[in-house]
Amino acid sequence: MKVFITKELPGNPEKMLRKNGFKVTIHKGNRPVSRRELIKESADADALICLLTDKIDREIIAGLKKCRVIANVAVGFNNIDIGAATEKNIIVTNTPDILTDATADLTMALLLAAARRIPEGERMMRANAFKGWKPDLLLGVELKNKILGIAGAGRIGSAVAQRAKAFGMKIIYTDHKQNPVIDIEEGAEMVPLNTLLKKSDIISFHLPLNQTTRHILNCANIKHLKRNAIIINTSRGEIIEEECLIKALKEKKILAAGLDVYENEPEINKEFLKLENVVLLPHIGSATRETRANMASLAAVNVLNILKGKEAQTPVNRINN
Ligand code: GLV
């Protein structure tokens, strides 16, 4: 049986697959797999291990002749047409849990960087522009007693709440259902989205991307934000209507933003580059050595399980057997 992997992955998950007798083909090199290569290589594959940057749409899925599992090396799976895969009895899997702490840590790093203007300070040092201590040099804002609004209180949102509580922040959140764990452990309160936007000093997005969450922060509701609000996004770029965020940052309608994800990745709206009050990272939420190796291993285990007739560890759809 053949497994096609769209990119060389940390931790060499192919070793485990080869040991179990599978033939593994890997798209190598720096350049991402092209649509043509993807169609060609996956046509006769029994399993596909892919990245969040690979668009596995209905057309690609239609071309899969034998595939039984698509293992996405990411927790988000908006790059895959789940409906089309389910119709073809293909299990789709993701990599939840193991990346929760890494992503929550990076969220806090962005939050601190935006609140304390760390990249601005770094740019000043590198430009040799530091002329000595001044009482008003690069004043930021404190986290203690500030209200953190978490949009999406799932695994990552909850881990961020835990960290933020240690910084003395008060937590409110919005979600489709109550999260008793953060209610009790972090003393958090669930509120409607508009209340969260109005009350929060810092808003952090931890939502999966789908039809209902696309542009959940948009030109209409961004007006509700406090003048000193900070926006953090480590989920998916399309959750925020970027044009409106740029306008709000440019016109100083809000204080700052910290972003790890963008609407048109890997392209960046050039307007962001002109702004001092935004911290920009290249989608590295889960990018620790440990986590990336664990993500690749989990994808391989999911493939192994399905091809051996067992249950996937982390499926995102159900099929009729
Ligand atoms: C990263 O963005 C992921 O979904 O794992």
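Mentor: Start with P266, which sits in the loop between β11 and α11 (270-273). Keep in mind that this is a predicted model.

Trainee: What makes the peptide bond from E265 to P266 cis?

Mentor: Its omega is near 0°. Most peptide bonds are trans.

Trainee: What sets the phi of N89 apart?

Mentor: The value is positive, about 60°, and N89 is not a glycine. Most residues other than glycine have a negative phi. N89 belongs to the loop between α4 (82-87) and β5 (91-93).

Trainee: And N128, what is its phi?

Mentor: Near 55°, again positive in a residue other than glycine. N128 lies in the loop between α6 (118-126) and β6 (147-151).

Trainee: Why is N128 called exposed?

Mentor: Its relative accessible area is 63%. Exposed means over 50%, so N128 qualifies.

Trainee: Why is N89 called partly exposed?

Mentor: N89 has a relative accessible area of 36%.

Trainee: How many Å lie between I222 and E87 in space?

Mentor: They are 38 Å apart, C-alpha to C-alpha. In sequence, 135 residues separate I222 from E87.

Trainee: Now β10. What makes both faces of this strand count as covered?

Mentor: Strand β10 covers residues 230-233. I230 and I232 are buried on one side. I231 and N233 are buried on the other.

Trainee: How do you know that β9 and β10 pair?

Mentor: Pairing needs at least two bridges. Four bridges join β9 (residues 202-205) to β10, so the pair passes. The two run parallel. I203 stands opposite I231 of β10.

Trainee: What joins β10 to β11?

Mentor: Four bridges, in the parallel sense, with β11 at residues 256-259. There, A257 is the bridge partner of I231.

Trainee: Which elements make the β-α-β unit with β10, and what is its hand?

Mentor: β10, helix α10 (residues 242-250) and β11 make the unit. It is right-handed. By the definition, with the strands pointing away from the viewer, the path over the helix runs clockwise.

Trainee: Which order do the seven strands of the open sheet follow?

Mentor: The order is β8-β7-β6-β9-β10-β11-β12, with parallel pairing.

Trainee: Why are β8 and β12 said to stand at the edges?

Mentor: Each has a single partner strand, so one side of β8 (189-190) and one side of β12 (278-280) lack a neighbour in the sheet.

Trainee: What does β1 pair with over four bridges?

Mentor: With β2 (residues 23-26), in the parallel sense. V3 stands opposite V24 in β2. The chain goes from β1 through helix α1 (residues 13-19) to β2, a right-handed β-α-β crossover.

Trainee: How do you know that β1 pairs with β3?

Mentor: Three bridges join β1 to β3 (residues 47-50). At least two are required, so this is a pair. The strands run parallel, and I5 stands opposite I49 in β3.

Trainee: Last, the ligand. Which residues are around it?

Mentor: L52, A74, V75, G76, L99, R236 and H283. By class, four are nonpolar, two polar and one charged.

Trainee: How many % of the ligand's accessible area does the protein cover?

Mentor: 90% of the 190 Å² that the ligand has on its own.

Methods: Residues numbered from 1 in each chain as written. Predicted model: local features only at pLDDT ≥ 70, side-chain atom pairs only at ≥ 80, totals over all residues. Heavy atoms only, no water. Near = heavy atom within 4 Å. Areas by Shrake-Rupley, 256 points an atom, 1.4 Å probe, with all protein chains shown as cover. Nonpolar A, V, L, I, M, F, W, Y, C, P; charged D, E, K, R; others polar. Buried < 20%, exposed > 50% of the residue type's maximum accessible area, 1.4 Å probe, protein only.
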